[in-house]
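Thanks, everyone; I would like to walk through one structure this morning, beginning with a few side-chain pairs and then turning to confidence and to the sheet. Please have the display open while I talk.

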Amino acid sequence: MPMSIPPAPANAVHLFVSDAGTHIRWLCDAMEGHGEIEPVPPNPLVLLERAASLRPRTVLIDFLTEHPHQLFSTLELLRREQPQIPVIGLGLSTHPASMLAALRAGVLEFIDMAAPAADVPPTLRALTERRAEQAGTPRDGMTLALVGARGGLGTTTLATHLAVAAQELQQGRTDPAAAQRGTVLLDLGLPERDGLLYLNLQSDFHLVDGVLHLQRLDRTLLQTALAQHAGGAAVLPLPAKLSQIREISLADVQLLLRKLAEFYALRIADLGGCAAVDFVTQVARDADQVWVVCEQGLGAIVSTAALLERLRESGVPQDRLSLIVNRFEPDAVLSARDIAQRLGIGPFHVLPARPQVLLDANSRGELLVESRRSDPYAQAVFGLARSLLPTLPDTASLAQGRGWSTFMTQIAGRWKGQRRDRP
Ligand SMILES: Nc1ncnc2c1ncn2[C@@H]1O[C@H](COP(=O)(O)OP(=O)(O)OP(=O)(O)O)[C@@H](O)[C@H]1O
Ligand SMILES: [Mg+2]
């Protein structure tokens with residue numbers, strides 16, 4: 001299994017809200033090789049759309065503007081829609097108004113353009129690691145259920161791309177134990193075994209075998225029995241003879257999922273197009289997060305609403321639900337936010353419509369996260385994968401930035417100084 005550091009497209013993306021070309025260039029140069037800077041004009045709706053599609057690690061805001069207070073409403077909206085994304089201010093310590101505006105906006109960190117540009121990557125890294133520590137790392141990792149209310153919504157395409165992207169990110173981790181506990185894809189959607197097909201794999205071992213051998217399952221058995229993608233993600237499909245599923249119960253599947261948590265940090269269950277609603281709701285109820293795949297078409301929205309009702313009735317907590325608007329067309333009448341509102345789901349993400357490239361990749365048995373990593377669909381999937389691994393540490397050593405607290409002290413000093421200077 002190759003243990004490589006993820007190359008550029010898998011790097012962290014940071015959105016930079018600014019329309020000043022010189023500031024954008026300064027920040028891009030400062031971050032060279034340490035993550036991508038995606039400039040965003042100071043427009044709240046554009047920012048939200050970019051945040052939903054790219055899942056950035058941080059959002060940086062340029063407070064060196066003539067009207068910094070106009071940024072406050074943008075920030076308010078961002079915090080409401082994407083509260084998990086840390087916000088960082090950028091300005092000049094020689095321009096106290098920019099620091100003051102950042103302070104008032106409640107940013108978590110401040111980047112001083114008067115300081116050496118080399119301070120920027122460690123400052124961002126330190127902030128991300130602090131946040132990760134605060135969030136805590138669940139020992140068992142996480143189970144993610146991907147549900148799709150009807151066939152063809154793109155659940156299996158997402159599940160396979162996500163498993164491969166997440167596995168790659170996990171292998172870039174510095175903690176060898178974490179890097180070893182990779183991703184397993186539970187290919188449980190219908191039509192059966194599409195995940196295997198999309199990953200160009202074959203497998204004799206399946207879900208029912210997993211249940212029947214539950215007591216014997218250990219790392220060695222799993223490594224030899226489960227089909228494994230070249231990047232390292234393992235796959236456990238439904239049996240080719242679907243009637244075999246009657247040999248096991250829902251409770252058995254539950255036990256198997258718990259067992260797999262000992263060996264795989266991330267379990268992704270593809271439940272797309274699944275006819276057995278009880279099965280879907282049971283697995284979803286046990287999952288840490290449930291992503292509901294939908295499209296902008298009315299039919300998909302109506303079916304998704306019905307599925308969501310079943311999920312909620314069966315006890316899936318509201319705060320575990322997120323919406324994925326697939327085949328997203330930015331100019332369609334219904335925006336992703338409209339759909340999220342209609343369905344009563346808070347967090348939403350979008351995956352762009354890429355019919356031609358996905359079809360071509362699919363026919364060649366390839367995944368865009370491998371063959372066309374810069375494609376918008378691949379980028380969006382990497383963004384989602386990153387959001388699943390919030391504790392992913394960077395591989396470089398942790399250096400200390402100057403820290404917001406230093407600037408706070410400076411501002412407080414100036415503030416007091418100004419007051420003292422008053423007649
Ligand atoms: N973002 C996208 N843009 C364009 N085409 C897409 C997108 N996502 C998936 N597709 C295409 O839609 C088709 C159905 O996708 P997929 O098999 O992943 O759906 P599914 O929800 O798993 O369907 P089923 O329930 O039938 O298994 C595939 O041809 C796939 O390439
Ligand atoms: Mg499918």
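Which side chain meets that of Arg373 in a salt bridge? The partner is Glu168, with 2.9 Å from N to O, where a salt bridge is taken as a side-chain nitrogen of Lys or Arg within 4 Å of a carboxyl oxygen of Asp or Glu. The pair links distant parts of the chain, 205 residues apart, since Arg373 sits in the loop between α16 (368-371) and α17 (376-388) and Glu168 in helix α6 (residues 155-171). Helices here are DSSP runs of H or I with at least four residues, strands are runs of E with at least two, and both are numbered from the N terminus. Arg373 counts as buried at 17% relative accessibility, and Glu168 likewise counts as buried, at 18%; buried means under 20% relative accessible area, exposed means over 50%, and partly exposed lies in between, with a 1.4 Å probe and protein chains only.

Before going further, some conventions: this is a predicted model, in which local features need pLDDT of at least 70 and side-chain atom pairs count only at pLDDT 80 or more, while totals for chains, interfaces and linings use all residues. Residues are numbered from 1 along each chain as its sequence is written, chains are lettered from A and ligands numbered from 1 in the order in which they are written, and side-chain values use heavy atoms, with hydrogens and water left out.

A search of the whole structure finds seven salt bridges, and one of them joins Arg50 to Glu38, at 2.6 Å from N to O. Because Arg50 lies in helix α2 (residues 44-54) and Glu38 in strand β2 (residues 36-40), this pair ties together parts that are twelve residues apart in sequence. Arg50 is partly exposed, at 28% relative accessible area, and Glu38 is also partly exposed, at 24%. Another salt bridge is formed by Glu81 and Arg337, whose closest N and O atoms are 3.7 Å apart; here Glu81 in helix α3 (residues 70-81) is linked to Arg337 in helix α14 (residues 336-343), 256 residues apart.

As for confidence, the chain averages a pLDDT of 85, and 85% of the residues score at least 70, pLDDT being the predictor's confidence in each residue, from 0 to 100. The mean is lowest in helix α18 (residues 404-421), at 47, and highest in strand β9 (residues 234-237), at 98. Over residues 391-402 the pLDDT is below 50, although this stretch has 31 contacts in the model beyond near neighbours in sequence, a contact meaning heavy atoms within 4.5 Å.

Now to the sheet. Eight strands form an open sheet of mixed pairing, in the order β8-β9-β7-β10-β6-β11-β12-β13, where two strands pair if DSSP finds at least two bridges between them. At the edges stand β8 (227-228) and β13 (348-352), each with a single partner strand, so one side of each is left without a neighbour in the sheet. Strands β11 (residues 289-294) and β12 (residues 321-328) run parallel and are joined by five bridges, and Cys294 has Val325 in β12 as its bridge partner.

Finally, Ser314 lies in the loop between α13 (298-313) and β12. Leaving aside neighbours within four places in sequence, Ser314 is in contact with Thr281 and Arg285, and the C-alpha atoms of Ser314 and Thr281, 33 residues apart along the chain, are separated by 6.4 Å.
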